[in-house]
Amino acid sequence: MLYESLAGPLLFRLDAETAHEEVSGLMALLAVVPGGAALLSALTGRGASGLERTVFGLRFPNPLGLAAGFDKDGRLVSVLPALGFGFLEIGSVTLEPQPGNPRPRLVRVPDARALINRMGFNGDGARAVARRLAAAPRPAVPLGINLGLNKGVSAEDAPAAYARTFRILAEHGDYFVVNVSSPNTPGLRALQAAKDLAAVLETVQEANPARKPVLVKLAPDLADEDFASAVATAERLAQGLVVSNTTLSRDGVPEALRGEPGGLSGAPLRGRATELVRRARALTRLPIVGVGGIESAGDARERLDAGADLVQLYTGLVYGGPRAPKRILRGLEASA
Ligand SMILES: Cc1cc2nc3c(=O)[nH]c(=O)nc-3n(C[C@H](O)[C@H](O)[C@H](O)COP(=O)(O)O)c2cc1C
């Protein structure tokens, strides 16, 4: 209520990234104030029970997680579970710190309940994130760390860069995601090609004696045969899939905003992302994290029915507000 009538409209008057920074700043404050997380939990209402599951050897209190990109540098891991999330995925984290693309780089598409982002992996880099995670209490839910690649790293150097990033962060995460699907780093998505993907995954797994689950995040814009061969490579060398990242398609976007460069997320991605989960499920028994356009319990249920073991959202939080995750979970509880 408060979000729809007051906080949401106020935030929507700000530039989209500024609004994100305000919200993150407030949450960072709640993370350090005694009782802050409990207050946030109380303000966002009742969660749900009976939704526990075990996926890639980890115990999840419920199947709804926060997607990568919201908390790129792992500043909010102690407070985000208060919104009801059953797991968090921070990142993408790159080996070295980098500023990302010039602002503005996050654009709202309100008529479509969507966002276009061209952030370009802005972040503090792996060492700073590892230090921050080491200093914070371990979150109450499984923590995923999504690994990105610094701008300008060649395909040849990519496997070693991912593996070094992984090694620095390995002890701080419960699962890891190799992100080869952001549209905002030139050349990155080419790493989804079977040979390149295999080289990245082999090198990361060599740095993974503890056998932490390593997932591969795929783009929704792959041709069918490329998607199938990426899934086959993941089946051989990884423990799961995240389907999917943002799209370069502009279907469902009003004419005036179609020219904004970047990846599109939110409602227009929903159908495609669901179709890809269904397709991936027909190809493999690997665990699948379904993401893209989820904003209601019905959306989450549909994604799970399509074959996802877990689901995530990001854009649905921007449009639905801080009570959205628990609303979705209560809906799932009712339909379980
Ligand atoms: C502003 C923004 C930043 C994002 N940054 C990342 C990122 O760093 N790494 C990544 O794997 N995905 C990133 N994503 C993609 C999301 O994790 C997710 O795959 C996508 O937005 C689709 O889900 P949604 O429709 O629920 O937002 C980002 C999305 C947004 C909107």
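In this predicted model, helix α6 (residues 194-206) lies across β8 (175-179) and β9 (214-218). The direction of α6 makes about 155° with that of β9. Helix α8 (residues 270-283) also packs on the sheet, where it touches β10 (240-243) and β12 (288-291). The angle between α8 and β12 is about 165°.

| Helix | Strands touched or crossed | Angle |
|---|---|---|
| α8 (270-283) | β10 (240-243), β12 (288-291) | about 165° to β12 |

The strands named above belong to a barrel of eight, closed in the order β3-β4-β7-β8-β9-β10-β12-β13 with parallel pairing. On average, neighbouring strands of this sheet are turned by 25° against each other, direction ignored. Leu 88 has Leu 143 of β7 opposite it.

The largest nonpolar core holds 97 residues, and those touching the most other members are Tyr 162, Val 178, Val 200, Leu 215, Val 216 and Leu 241. Helix α5 (residues 158-169) gives the largest share of this core, seven residues. Leaving aside residues up to four places away in sequence, Val 200 touches Ala 158, Pro 159, Tyr 162, Val 178, Val 180 and Leu 191.

Around the ligand there are 28 residues, of which Ala 67, Gly 69, Ser 265, Tyr 314 and Thr 315 come nearest. At least two residues of this shell are supplied by each of β4 (87-93), β6 (114-117), β11 (263-266) and α10 (315-320). By class, the shell comprises ten nonpolar, 16 polar and two charged residues.

Key: Residues numbered from 1 in each chain as written. Predicted model: local features only at pLDDT ≥ 70, side-chain atom pairs only at ≥ 80, totals over all residues. Core = buried A, V, L, I, M, F, W, Y, C linked by C-beta atoms within 7 Å. Buried ≥ 20, exposed ≤ 12 C-beta atoms within 10 Å, placed from the backbone. Helix = DSSP H or I, 4+ residues; strand = E, 2+ residues; numbered from the N terminus. Contact = placed C-beta atoms within 7 Å. Near = placed C-beta within 6 Å. Nonpolar A, V, L, I, M, F, W, Y, C, P; charged D, E, K, R; others polar. Pairing = 2+ DSSP bridges. Axes fitted to C-alpha atoms, helices over the stretch in contact; angles between N-to-C directions.
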